[in-house]
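The sequence and the structure come first, and the text follows.

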Protein chains: 4
Amino acid sequence: MAQQHPLPSKAEVDSYLRDRRNWGRWGSKGGAGAINLITPQKRVAAARLVRSGRAVCLSRPFPVTPSVENARPAQHYMWRSPGGPNGGGAAFDYYGIYYHGQSATHIDALCHTWDDNGMWDGKDSSDVITFSGAKYGGIDEWRDGILTRGVLLDVPKYRGKPYVTLEEPVHGWELDAVAASQGLKLEPGDAVAVYSGREAYARDHEGFWGGGPQRPGLHESCLPFLRDHDVSVLLWDMMDIRPTQYQIPWGVHGAIFAYGVALVDNALLEPLAKACAEEGRYEFMLTISPLNVAGGTGSPVNPIAVF
Amino acid sequence: MAQQHPLPSKAEVDSYLRDRRNWGRWGSKGGAGAINLITPQKRVAAARLVRSGRAVCLSRPFPVTPSVENARPAQHYMWRSPGGPNGGGAAFDYYGIYYHGQSATHIDALCHTWDDNGMWDGKDSSDVITFSGAKYGGIDEWRDGILTRGVLLDVPKYRGKPYVTLEEPVHGWELDAVAASQGLKLEPGDAVAVYSGREAYARDHEGFWGGGPQRPGLHESCLPFLRDHDVSVLLWDMMDIRPTQYQIPWGVHGAIFAYGVALVDNALLEPLAKACAEEGRYEFMLTISPLNVAGGTGSPVNPIAVF
Amino acid sequence: MAQQHPLPSKAEVDSYLRDRRNWGRWGSKGGAGAINLITPQKRVAAARLVRSGRAVCLSRPFPVTPSVENARPAQHYMWRSPGGPNGGGAAFDYYGIYYHGQSATHIDALCHTWDDNGMWDGKDSSDVITFSGAKYGGIDEWRDGILTRGVLLDVPKYRGKPYVTLEEPVHGWELDAVAASQGLKLEPGDAVAVYSGREAYARDHEGFWGGGPQRPGLHESCLPFLRDHDVSVLLWDMMDIRPTQYQIPWGVHGAIFAYGVALVDNALLEPLAKACAEEGRYEFMLTISPLNVAGGTGSPVNPIAVF
Amino acid sequence: MAQQHPLPSKAEVDSYLRDRRNWGRWGSKGGAGAINLITPQKRVAAARLVRSGRAVCLSRPFPVTPSVENARPAQHYMWRSPGGPNGGGAAFDYYGIYYHGQSATHIDALCHTWDDNGMWDGKDSSDVITFSGAKYGGIDEWRDGILTRGVLLDVPKYRGKPYVTLEEPVHGWELDAVAASQGLKLEPGDAVAVYSGREAYARDHEGFWGGGPQRPGLHESCLPFLRDHDVSVLLWDMMDIRPTQYQIPWGVHGAIFAYGVALVDNALLEPLAKACAEEGRYEFMLTISPLNVAGGTGSPVNPIAVF
């Protein structure tokens with residue numbers, strides 16, 4: 001089991017984030033980071049995965065309800081017109097959202113996080129982050145959408161347990177084992193969805209996974225997994241474990257600034273795990289279409305898996 | 001040319017909206033409207049259209065700048081964290097948008113418009129539209145995303161003129177002629193993008209197409225085209241002409257409540273027209289992934305065409 | 001002590017809200033409710049209370065920080081201009097707030113609450129509350145501001161205890177006793193601030209008074225006090241106790257729809273209690289200036305007491 | 001008339017803003033700027049001005065409607081509760097506003113504007129303006145409210161013309177003449193309302209005063225008037241003329257960073273002018289109660305004049 005593998009030392013984790021960086025790897029196209037791994041050929045191959053036509057929504061509902069996990073709920077307000085000169089009418093609504101956090105399904109742009117060594121591609125946050133948006137690594141780098149092969153790693157199924165717990169985080173070597181057990185061979189540019197059973201966890205824990213100082217999820221040892229396999233996008237329901245044991249500002253979220261990986265936080269993966277089991281395969285075409293916000297630090301998204 | 005065809009009478013237009021309705025057609029699945037036409041098989045076929053892997057963004061930028069065409073600009077505000085105990089930092093942002101109107105690229109849900117005969121599927125707006133969202137025909141009906149064959153009808157190319165004008169609206173018979181000229185055969189469930197040259201029009205008209213009492217676009221005669229071909233989604237850059245000559249509250253927007261068609265307003269189609277010309281084909285895989293808002297009247301979206 | 005007084009029965013409380021209503025009392029000026037009690041003469045007399053010139057802010061800070069007591073935190077976002085052609089620059093900000101609840105200091109308009117007998121002045125909420133604001137009893141009824149005599153009733157001082165507790169709510173007869181002990185004679189149109197020691201309570205209760213199913217505060221028996229003395233405005237730090245024992249939707253908040261009284265919820269009264277003690281008097285000039293929002297259900301406010 | 005007076009040179013205007021600064025004048029209380037001029041004694045004297053008890057609202061309506069003058073309209077959305085277990089119900093609303101500009105009645109904090117010589121009290125905007133608010137000169141400096149003697153200078157009445165025009169701006173020497181004609185003697189700490197007839201101007205100019213590159217209003221020559229008389233607050237309906245002829249980033253708005261004066265932009269002064277004429281006096285008690293926003297750059301306000 002996972003625990004038999006030695007945990008990486010602080011020096012090793014620091015090295016993951018510092019010595020294995022993808023900085024400069026994509027030259028003048030660096031602002032798009034690891035999404036550069038998704039070539040036109042990769043998109044064509046991904047589309048070939050559509051065989052049954054089943055589509056699965058990976059987005060939690062727009063989070064308007066306050067909770068410990070949703071400390072800054074979104075705004076959704078309606079307006080109904082009184083009707084015009086020719087009769088009829090219309091309904092409108094306002095959406096407002098501060099989407100980062102533990103509730104909204106959203107994608108992180110490469111300008112979202114940094115550590116003291118710098119931002120993605122060696123940028124300085126003081127220069128990049130302005131009152132008018134980010135000048136590098138903004139969400140609009142991905143305005144053409146993300147279309148690639150998606151794979152699901154079903155940790156609960158592998159473990160034979162309903163969900164990941166605080167006591168037993170997900171480790172990088174386990175992800176390799178899960179993939180192998182599912183007969184998956186990862187390829188560069190794949191989007192990897194790591195399912196940890198958040199919904200089941202919440203059902204057993206008063207409705208919530210996050211919101212407190214501790215939360216189960218992915219250990220820092222997962223960083224090399226992302227780098228070794230040239231993952232372009234990580235989707236996860238549980239995210240990186242809290243608290244860190246390594247005195248670093250960001251655990252697996254460090255893949256943003258170290259490797260240029262796109263993260264889809266708070267993805268809804270339980271229905272996807274069910275669909276994978278029913279379809280008998282753990283790969284699918286994945287589409288993610290961020291809003292086209294100039295210099296945005298991410299976007300609420302509705303990722304769709306199609307089998 | 002278009003003008004040689006007789007214009008429909010008021011009685012004919014009323015009949016388009018009343019006598020050819022799709023109300024009840026999809027039974028208990030009616031809330032999804034014409035998106036029901038997109039079967040799993042349709043999705044599989046659409047994915048087969050991906051051959052070169054070229055992806056094109058059909059979304060205008062998130063509309064934060066006020067203009068005559070953007071009377072209620074969106075909110076985009078940044079926040080940069082001061083850093084935590086382990087150093088590093090992060091940037092966050094807030095997005096707020098009242099997205100209907102003439103600026104944001106967005107999809108209309110089936111609860112968005114109605115006339116005095118009722119809402120989509122015969123519902124009553126007084127019952128459906130509540131302060132907490134729509135109880136029928138909300139955007140979450142399409143939470144699994146829209147993936148279908150997209151086709152572009154390039155009106156300026158057909159006409160040999162840079163853009164549609166007030167004097168010469170787009171008519172339904174012209175759309176058939178455009179399709180034929182492009183060698184396209186429409187099939188049920190197709191998403192049709194009608195390109196009218198809005199960007200070029202704006203360049204010649206002080207930067208704007210809309211915002212005033214008059215705007216060029218699609219004439220009410222386009223309604224039967226949508227119904228005859230069982231179109232699932234209409235994407236358009238110019239939208240329905242204003243003002244109407246038929247004393248009706250909604251022109252082509254009536255396709256929402258009469259036929260259950262999804263509209264993608266303010267789509268950015270100039271780059272798509274260019275891509276179609278370069279790729280030598282006017283069909284592609286189209287994906288639209290609305291935010292998963294319970295009872296929302298639509299969603300800002302970033303539709304993606306993939307060749 | 002308070003407990004020796006018999007508690008009112010359900011029938012008595014229902015009678016407070018039904019049989020002692022001020023409906024119709026102010027005729028065509030009814031939309032302003034009990035603020036009608038503040039005559040020009042009353043304002044002149046209130047201004048005469050300004051003798052030392054000491055001003056005290058009664059507003060808690062704009063509530064941007066999430067907490068159990070602030071489930072829908074306010075939005076405050078900054079923007080700094082990059083400078084214009086002549087140099088210099090400017091800073092701007094956005095304020096967004098859903099102000100009702102237990103955190104923001106705000107005033108309730110008369111359209112804010114109702115019970116099954118109706119809204120203030122006998123109106124029907126289905127007619128009055130529209131998507132475009134309230135058609136009766138909106139906050140703009142008080143656009144000329146509220147300027148009156150304010151009095152503070154210092155319950156902790158009277159009790160010799162730091163704050164009101166769940167076990168010992170504030171009762172109407174106690175308010176009379178507090179006033180008498182402070183040598184105060186209430187007059188029609190007075191604004192009454194009932195200080196219950198919320199800040200001290202929070203210091204002893206993990207930082208919060210509200211947010212849970214139970215909260216200490218004013219008992220329904222306070223309703224006749226407000227009616228008997230023709231109070232125009234009630235300011236309170238703790239508000240009505242929760243839960244009610246009377247199977248009614250609103251406890252002391254019923255003063256809104258029964259008597260037309262303006263409530264200032266979440267007022268910051270600890271500094272006022274200190275000032276009253278130091279100034280040696282419990283009366284002062286009070287000003288409340290709601291934002292001029294057409295049909296609003298209230299407003300965030302910063303009430304000011306001046307001695 | 002005003003035109004006979006020689007206009008100040010560029011060097012003179014620069015000198016107004018640089019050589020006559022109040023920087024350092026109020027020592028450790030500098031963050032409150034010229035509001036320091038409003039002493040407790042000043043407040044007592046102001047309250048003595050309340051004699052008839054007439055109250056006048058100086059706030060335009062919350063600006064929810066788009067226009068050339070209101071390019072970023074405010075958000076006002078309603079929500080009506082479906083009712084709880086004990087019946088009844090409630091209405092709530094959301095207010096969102098980016099209040100600076102030419103529409104909302106608001107007060108500018110001292111951190112709002114600066115020129116290349118610096119911010120108010122010699123601060124550097126790079127240090128002061130953060131993503132979390134201003135660290136100096138924020139609106140919360142005035143959380144205790146502003147209560148002082150207000151005086152109205154009625155320029156249209158003085159001129160015998162309905163409103164100020166582009167051709168004839170308001171000059172500083174004219175303000176002195178207006179005051180003299182009204183029998184007013186200005187005193188330190190007074191709030192001065194300069195009425196220029198904006199509402200009448202708008203009625204004659206398609207509904208608007210501002211919104212374009214040009215707008216009538218107060219000339220830079222008014223700066224010494226504010227400084228000479230130790231004005232604490234300037235309220236104005238028309239604001240500083242645009243464009244400037246002096247190649248400076250801010251005209252009379254420079255009083256913020258040079259003198260520490262609070263500005264109330266877009267004040268509604270026509271009703272006040274009417275009230276002054278009817279009451280036969282141009283002085284009154286003025287109250288302004290900004291929202292208590294930590295580090296805010298200003299606040300929407302509803303200033304109230306009481307006679």
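In chain B, the buried residues of helix α5(B) pack against β8 (146-154), α4 (155-159), β9 (191-195) and α7 (222-228) of that chain. The model is a predicted one.

**Helix α5 of chain B**

Helix α5 of chain B covers residues 172-181, and its buried residues are B:G172, B:E174, B:L175, B:V178 and B:A179. Viewed down the axis of α5(B), these buried residues fall within an arc of 155°, so they line one face of the helix. An α-helix has 3.6 residues a turn, so residues three or four places apart point the same way. After α5(B) comes B:G183, which has a positive phi, near 70°.

**Chain D and chain B**

How are chain D and chain B related? A rotation of 180°, with 0.0 Å of shift along its axis, superposes chain D on chain B with an RMSD of 0.0 Å. That is the relation of a two-fold axis. Of the interface residues of chain D, 100% are also interface residues in chain B, so the copies meet through the same surface.

The table gives the values for this contact.

| Item | Value |
|---|---|
| Residues from chain D | 14 residues |
| Residues from chain B | 14 residues |
| Area buried between chain D and chain B | about 1,300 Å² |
| Share of that area from carbon and sulfur atoms | 55% |
| Salt bridges between chain D and chain B | zero salt bridges |
| Polar contacts between chain D and chain B | four residue pairs, both at pLDDT 80 or more |

On the side of chain D that touches chain B, the elements that give two or more residues are β2 (75-80) and β3 (89-98) of chain D. β2(D) gives the most to this side, with five residues.

**C:S103 in chain C**

Where does C:S103 lie? C:S103 sits in the loop between β3 (89-98) and β4 (106-108) of chain C. Is C:S103 buried or exposed? The relative accessible area of C:S103 is 12%, and buried means under 20%, so C:S103 is buried.

Which residues are in contact with C:S103, leaving aside its neighbours within four places in sequence? They are C:R60, C:P63, C:E69, C:N70 and C:N266. As for C:F257, it is 154 residues from C:S103 in sequence and 22 Å from C:S103 in space, C-alpha to C-alpha.

Definitions and conventions:
Residues are numbered from 1 along each chain as its sequence is written. Chains are lettered from A and ligands numbered from 1 in the order in which they are written. This is a predicted model: local features need pLDDT of at least 70, side-chain atom pairs count only at pLDDT 80 or more; totals for chains, interfaces and linings use all residues. Side-chain values use heavy atoms; hydrogens and water are left out. Copies are superposed by least squares on the C-alpha atoms of residues with pLDDT of at least 70 in both. Contact means heavy atoms within 4.5 Å. Buried means under 20% relative accessible area, exposed over 50%, partly exposed in between (1.4 Å probe, protein chains only). Helices (H or I, at least four residues) and strands (E, at least two) are DSSP runs, numbered from the N terminus. The arc is that of the directions from the helix axis to the C-beta atoms. Buried area is the accessible area (1.4 Å probe) that two parts lose on being put together, summed over both. A salt bridge is a side-chain nitrogen of Lys or Arg within 4 Å of a carboxyl oxygen of Asp or Glu. A polar contact is a pair of N or O atoms within 3.5 Å; within protein, one must be able to donate a hydrogen and the other to accept it, and residues adjacent in sequence count only if both atoms are side-chain atoms.
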